[in-house]
Amino acid sequence: MEQFHETMSGATVTRMPVGPLLTNCYLVQSGTELMLVDPGMVWNRELEEVATVIESANARLRWIVCTHGHFDHVSGVDTAMNRFPDATLLMDPQEAELARDPMANYATQMGSTFAMHADPCPLIAGQELPLGLITYRIATIQGHTPASSVLIAGDHAFVGDTLFAGSVGRTPSQEGFEQLLAGIRVTLMTLPPATRIFPGHGEPTTIGAELGDNPWL
Ligand SMILES: [Zn+2]
């Protein structure tokens, strides 16, 4: 498992691509608190490696957040909650429903029977999520899934599969595609151009780079 580190204002971000689709699992540390975003670990080796990264940080894991309910973003969630029972799992209720259904979360298509068993606390638009020295604001973007969560702090955001470097998330319909583009424009493209964007797959980018180069926007 590769690890990529970035220092943001008030937080450090470790990006760990995991699983067959190289989903970006992020560990964020701010002060003495940690947040794990999108525990898409599949194999025991990865679960152990991510757990070791968490345990070797001199901080406590406060939050585990899933941006949306697709299999490749939630497949490690039950194992992570067993390993770190003091952490609070947060997920939009509509996305939790998706995660519990192996057809809807695409596990079946990946040859897996995974269905989430954990019982997350609701993560909803407008909520504020404190982590150490910083606070994330939660917003929701429809289209890739019914209620994908994005986490926005001062100089960076975790955006799940809504926006990628040079691309946008897949949608099941043309209507979903239009909802996704509208959500990206209203929620993300209005952020300062220097805002660092941490997507669900691939390299991080910035709002400014996507405004300039993303053919969909
Ligand atoms: Zn997805």
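Modeller: A residue is called buried if 20 or more other C-beta atoms lie within 10 Å of its own, exposed if 12 or fewer do, and partly exposed in between, with C-beta atoms placed from the backbone. The model is a predicted one, in which local features need pLDDT of at least 70 and side-chain atom pairs count only at pLDDT 80 or more, while totals for chains, interfaces and linings use all residues. Residues are numbered from 1 along each chain as its sequence is written.

Within α5, the residues L180, G183, I184 and L188 are buried. Seen down the axis of α5, these buried residues fall within an arc of 100 degrees, and so they line one face of the helix; the arc is that of the directions from the helix axis to the C-beta atoms. On the other side of α5, by contrast, Q174, E175, R185 and V186 are exposed.

The cover over the buried residues of α5 includes the strands β9 (134–141), β11 (156–160), β12 (163–164) and β13 (167–168), together with helix α6 (207–213); contact here requires C-beta atoms, placed from the backbone, within 7 Å.

β9 and β10 pair in the antiparallel sense over five bridges, pairing being assigned if DSSP finds at least two bridges between two strands. Here R137 has I152 in β10 as its bridge partner, and in the hairpin of β9 and β10, with six residues between the strands, G143 takes a positive phi near 130 degrees. β10 and β11 also run antiparallel, joined by two bridges, with L151 opposite F158 in β11, and the hairpin from β10 to β11 passes through three residues. Four of the five residues of β10 (residues 148–152) are buried, so this strand is largely enclosed by the rest of the structure.

As for the whole chain, it has six helices and 15 strands, and 45% of its 217 residues count as buried.

Terms used
Two residues are in contact if their C-beta atoms, placed from the backbone, lie within 7 Å.
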